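Please keep the sequence and the model in view while reading.

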Amino acid sequence: MNPSYTTRDEATVRKITAPLEASSVISDTHRDLDVDAIADEVLAFDPETQSFRCVSTTDTFWESAQKHAC
């Protein structure tokens with residue numbers, strides 16, 4: 001099951017920043033990547049549940065990260 005988060009910031013930290021930093025590929029996520037642009041592509045708001053969730057696959061997540069490298 002794909003967890004949901006009440007705020008976009010929480011979803012960004014848990015589904016984008018944390019995995020990127022854990023990968024050891026990127027040392028400073030916010031300096032090296034446009035995290036907001038990645039979030040725009042991989043997170044979605046569900047108006048029914050009033051929450052955010054990741055809607056990307058692993059491959060599309062990493063493609064987005066690569067595309068938004070600074």
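Helices (H or I, at least four residues) and strands (E, at least two) are DSSP runs, numbered from the N terminus. Arg14 and Glu10 both lie in helix H1, four residues apart, which is about one turn of the helix. The model is predicted, so local features need pLDDT of at least 70 and side-chain atom pairs count only at pLDDT 80 or more, whereas totals for chains, interfaces and linings use all residues. Residues are numbered from 1 along each chain as its sequence is written, and side-chain values use heavy atoms, with hydrogens and water left out.

**Packing of H1 and H3**

- Helix H1 (residues 8-22) packs on helix H3 (residues 35-42) at an angle of about 105 degrees, and their axes are 10 Å apart. Axes here are lines fitted to C-alpha atoms, for helices over the stretch in contact, and angles run from 0 to 180 degrees between N-to-C directions.
- That angle makes H1 roughly perpendicular to H3. Angles under 35 degrees count as roughly parallel, over 145 as roughly antiparallel, 65 to 115 as roughly perpendicular and the rest as oblique.
- From H1, Arg8, Thr12, Ile16, Thr17 and Leu20 meet Val35, Asp36, Ile38, Ala39, Asp40 and Val42 of H3. Contact means heavy atoms within 4.5 Å.
- By class, this contact of H1 with H3 has six nonpolar, two polar and three charged residues. Ala, Val, Leu, Ile, Met, Phe, Trp, Tyr, Cys and Pro count as nonpolar, Asp, Glu, Lys and Arg as charged, and the others, Gly among them, as polar.

**Nonpolar core**

- In soluble globular proteins, nonpolar side chains tend to be buried together.
- The largest nonpolar core has 15 residues, and Ile16, Leu20, Leu33, Ile38, Val42 and Leu43 have the most contacts inside it. Such a core is a set of buried Ala, Val, Leu, Ile, Met, Phe, Trp, Tyr and Cys residues joined through side-chain atoms within 4.5 Å.
- H1, H3, strand E3 (51-54) and helix H4 (58-67) are the elements that give two or more residues to this core. Its largest share, four residues, comes from H3.
- Buried means under 20% relative accessible area, exposed over 50%, and partly exposed in between (1.4 Å probe, protein chains only). Within H3, Val35, Ala37, Ile38, Ala39 and Val42 are buried.
- The buried residues of H3 pack against H1, helix H2 (29-32), strand E2 (43-46), E3 and H4.
- Not counting residues up to four places away in sequence, Ile16 touches Ala11, Val35, Ile38, Ala39, Val42, Leu43 and Phe61.
- Ser64 lies in helix H4 and, at 2% relative accessibility, counts as buried. Leaving aside neighbours within four places in sequence, Ser64 is in contact with Ile38, Glu41 and Val42.

**Salt bridges**

- Side chains of opposite charge can pair when their charged atoms come close.
- A search of the whole structure finds five salt bridges. Each is a side-chain nitrogen of Lys or Arg within 4 Å of a carboxyl oxygen of Asp or Glu.
- Arg8 lies in helix H1 and Asp40 in helix H3, so the pair ties together parts that are 32 residues apart in sequence.
- Arg8, at 27% relative accessibility, counts as partly exposed, while Asp40, at 57%, counts as exposed.
- Another salt bridge joins Glu41 and Lys67 through their side chains (2.8 Å, N to O). This pair links distant parts of the chain, with Glu41 in helix H3 and Lys67 in helix H4, 26 residues apart.
- Salt bridges that share partners join Arg8, Asp36 and Asp40 into one network.
- Glu41 is partly exposed at 36% relative accessibility, and Lys67 is exposed with a relative accessible area of 56%.
- Arg14 forms a salt bridge with Glu10, and their closest N and O atoms are 3.3 Å apart. Glu10 is partly exposed, with a relative accessible area of 28%.

**Other positions in H1**

- Arg14 touches Tyr5 and Pro19, not counting residues up to four places away in sequence.
- Glu21 lies in helix H1 and is partly exposed, with a relative accessible area of 41%. Not counting residues up to four places away in sequence, Glu21 touches Ile26 and Thr29.
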